[in-house]
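Here is a briefing on one protein chain. Look at the overall numbers before turning to individual side chains.

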Amino acid sequence: MEMKHRSSTPIAPLAFALAAGLFAAPAAAQSKAAAPKKWTTSRAPDGQPDLQGIWTNATITPFERPRELAGKEYFTEQEAAEFEKRVL
C-alpha cells in the first residue's frame, strides 16, 4: 500500500473560520437543524478499514519483555524506581 503524504499547510485558520461560521448562526436556525449523521469508518476499496494517515513509532515502551524479567510478573515500587533510573 502506498503511503500518501499530507500537505503541510496549516489548517488552523480554516478551522477557525469554519467554527466562527457555525457559532455565528442564530439559535433558531440551530434548533431546526437535522440530527447529525451517525459516524462510520472510511473503507479501502477492498472493504477493509482505511488506516491511511500519519503513524509514528516514537515510544520508549519495549516491544519485547527484557530477559531478566521473564519470571517476574510485578515490580515493587522500589524495583520500579530502580529500573526506571537504569533504563532512562
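Of the 88 residues in the protein chain, 3% count as buried. The model is predicted. Its accessible surface comes to about 9,200 Å², and carbon and sulfur atoms hold 61% of that area. The average pLDDT of the chain is 75.

**Fold and confidence**

- The protein chain has 3 helices and 0 strands.
- Read from the N terminus, the order of elements is α-α-α.
- A pLDDT of at least 70 is reached by 64% of the residues.
- Helix α3 has the highest mean pLDDT among the elements, at 89.
- Helix α2, residues 27-31, has the lowest, at 55.

**Salt bridges**

- The whole structure contains 2 salt bridges.
- One joins the side chains of Arg 86 and Glu 68, with an N to O distance of 3.5 Å.
- Arg 86 sits in helix α3 and Glu 68 in the loop between α2 and α3, so this pair ties together parts that are 18 residues apart in sequence.
- Arg 86 and Glu 68 are both exposed.
- Another salt bridge links the side chains of Glu 79 and Lys 72, at 3.3 Å from N to O.
- Glu 79 is partly exposed, because its relative accessibility of 27% falls between the 20% limit for buried and the 50% limit for exposed.
- Lys 72 is also partly exposed, with a relative accessible area of 29%.

**Aromatic side chains**

- The count of aromatic pairs is 1.
- The pair is Phe 75 with Phe 83, whose ring centres lie 5.2 Å apart.
- Why is the pair tilted? Its planes meet at 50 degrees, and stacked needs under 30 degrees while edge-to-face needs over 60, so the label is tilted.
- Phe 75 is partly exposed, at a relative accessible area of 35%.
- Tyr 74 belongs to the loop between α2 and α3.
- With 64% relative accessibility, Tyr 74 counts as exposed.
- The side chain of Tyr 74 makes a polar contact with the side chain of Glu 73, at 3.4 Å.

**Nonpolar surface patch**

- Which residues form the nonpolar patch on the surface? They are Ile 60, Val 87 and Leu 88.
- Together these residues have about 380 Å² of accessible area.
- Val 87 lies in helix α3, which covers residues 77-87.
- Val 87 has a relative accessible area of 53%. The limit for exposed is over 50%, so Val 87 counts as exposed.

**Points to carry forward**

Conventions:
Residues are numbered from 1 along each chain as its sequence is written. This is a predicted model: local features need pLDDT of at least 70, side-chain atom pairs count only at pLDDT 80 or more; totals for chains, interfaces and linings use all residues. Side-chain values use heavy atoms; hydrogens and water are left out. Patches are made of residues with over 30% relative accessible area and no salt bridge: like charges are joined within 9 Å, nonpolar side chains (Val, Leu, Ile, Met, Phe, Trp, Tyr) within 5 Å. Accessible areas come from the Shrake-Rupley method with a 1.4 Å probe; for residues, only the protein chains shown count as cover. A salt bridge is a side-chain nitrogen of Lys or Arg within 4 Å of a carboxyl oxygen of Asp or Glu. Helices (H or I, at least four residues) and strands (E, at least two) are DSSP runs, numbered from the N terminus. Buried means under 20% relative accessible area, exposed over 50%, partly exposed in between (1.4 Å probe, protein chains only). Rings of Phe, Tyr and Trp (its six-membered ring) pair if their centres lie within 6.5 Å; planes under 30 degrees apart count as stacked, over 60 as edge-to-face and the rest as tilted. pLDDT is the predictor's confidence in each residue, from 0 to 100. A polar contact is a pair of N or O atoms within 3.5 Å; within protein, one must be able to donate a hydrogen and the other to accept it, and residues adjacent in sequence count only if both atoms are side-chain atoms.
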